[in-house]
Amino acid sequence: MNTVMSNKRIIALYVLPSLFLLLAIIYVPIVLTGYYGLMEWNGIGKPDFIGLDNYKTLMRDSVFWHSTYHSLLFALLSTLCLILYLAVALVLSGKIRGANLLRKIYLLPMLLSSVAIAQLWQKVYHPTNGILNGILEKLGVENTPSWLADPHLVLYAIFIPILWQFAGFYILIYYAALKNIPASLEEAARIDGATSLQVALRIKLPLIAEVLKVTVVLAVVGSLKYFDLIYVMTDGGPNQASEVMASYMYHKAFKEFDFGYGSAIGFFLLVICLAATWVIRRATATKDTIQYS
């Protein structure tokens, strides 16, 4: 085994396939996106170099900035919901009745595709036959809202399925992190008279701080590039009230066949995701981490 691991040719033989896939799936598309962002191209003919004109148009595009605001709002709401996910994980990691059943239930949305979830919630939000408005009518509400047709409600109506879809993913991460904490630490704190809240705030949360940082990055970046459920439920409507950066990029590239402008939006989205990741890392880094980086 030592002979194999010391042979650079054998190491390269194992690394090259993964490196090739990484280049083909991630880095080459990034480079091509940046390249086509400098072009005027309909996806069929020869691209015409126009420099930074697409990015200049982007800066003046009010629809793009509205979609950016919607993506940032989703990122903020997703980050705040991590508190809820963490609270559920803390409860499930304790000794409560029915914990095994609850751990199975919260994982169910992870088994469904985004398209199935979108179609399910479309039926829930249906203005006349939907379950939600049916409940409101039973409670005496006369003018039930059209959840997906109201520009003031549609963003929040879409966020509820997103919250439901990814709850199991984040709860599972937090649950696993909490279960890795030695039980002796909690027992010692209990002996010293610590309450459940004090144990959670002063022992458990500091010990899973790195996991919390990772989930914040995942929530923010995932929200900024979210697309599929929004596309199926509203396609950015009504009147682009639920448009996000990813859906606007899709509309420009694949519906209006302006691949140059769509690539510029995609590259700008990449820059925003990288900037958000850097800001989160710097904001949550310790002094030792900053010096090391």
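These notebook entries record what I looked up in a predicted model.

**Entry 1. Helix H8 against helix H11**

I began with helix H8, residues 154–179, and helix H11, residues 209–224. Their axes lie 11 Å apart and pack at an angle of about 170°. Angles over 145 degrees count as roughly antiparallel, so I recorded H8 as roughly antiparallel to H11.

I then listed the residues that make the contact. H8 contributes Phe169, Tyr170, Ile173, Tyr174 and Ala177. From H11 I noted Val211, Leu212, Thr215, Leu218 and Ala219. Sorted by class, the contact has nine nonpolar residues, one polar residue and no charged residues.

**Entry 2. Helix H6 against helix H8**

Next I turned to helix H6, residues 114–124, and its packing on H8. The two axes come within 10 Å and cross at roughly 135°. That angle makes H6 oblique to H8.

On the H6 side I found Ser114, Ile117, Leu120 and Trp121. They meet Ile160, Pro161, Trp164 and Gln165 in H8. The class count for the contact of H6 with H8 is six nonpolar, two polar and no charged residues.

**Entry 3. The largest pocket**

I looked up the pockets next. The largest pocket holds about 470 Å³ of space. Its lining is made of 16 residues. Which of them lie nearest the centre of the largest pocket? I listed Ser93, Gly94, Lys95, Glu186 and Lys204.

Helix H4 (62–93), H8, helix H9 (183–191) and helix H10 (196–207) are the elements that each give two or more residues to this lining. By class I recorded seven nonpolar, three polar and six charged residues in the lining of the largest pocket.

**Entry 4. The second largest pocket**

For the second largest pocket I noted a volume of about 350 Å³. It is lined by 15 residues, and those closest to its centre are Pro29, Ile30, Thr33, Gly266 and Leu270. At least two lining residues come from each of helix H2 (8–36), helix H13 (245–255) and helix H14 (259–284). Which helix gives the most to the lining of the second largest pocket? I found that H14 does, with six residues. The lining of the second largest pocket divides into 10 nonpolar residues, four polar residues and one charged residue.

**Entry 5. The loop between H12 and H13**

Last, I checked the backbone. Most residues other than glycine have a negative phi, and most peptide bonds are trans. I found that the peptide bond from Gly237 to Pro238 is cis, with omega near -5°. Pro238 sits in the loop between helix H12 (228–233) and H13.

I also noted that Asn239 has a positive phi of about 55°, although Asn239 is not a glycine. I placed Asn239 in the loop between H12 and H13.

Notes: Residues are numbered from 1 along each chain as its sequence is written. This is a predicted model: local features need pLDDT of at least 70, side-chain atom pairs count only at pLDDT 80 or more; totals for chains, interfaces and linings use all residues. Side-chain values use heavy atoms; hydrogens and water are left out. Axes are lines fitted to C-alpha atoms, for helices over the stretch in contact, and angles run from 0 to 180 degrees between N-to-C directions. Helices (H or I, at least four residues) and strands (E, at least two) are DSSP runs, numbered from the N terminus. Angles under 35 degrees count as roughly parallel, over 145 as roughly antiparallel, 65 to 115 as roughly perpendicular and the rest as oblique. Contact means heavy atoms within 4.5 Å. Ala, Val, Leu, Ile, Met, Phe, Trp, Tyr, Cys and Pro count as nonpolar, Asp, Glu, Lys and Arg as charged, and the others, Gly among them, as polar. On a 1 Å grid over the protein atoms alone, a cavity is a set of points where a 1.4 Å probe fits but cannot get out, and a pocket is an open set with protein on both sides within 12 Å along at least five of seven lines; lining residues have an atom within 4 Å of a point. Grid points are joined across faces, edges and corners, and a volume is the space filled by probe spheres set on the points.
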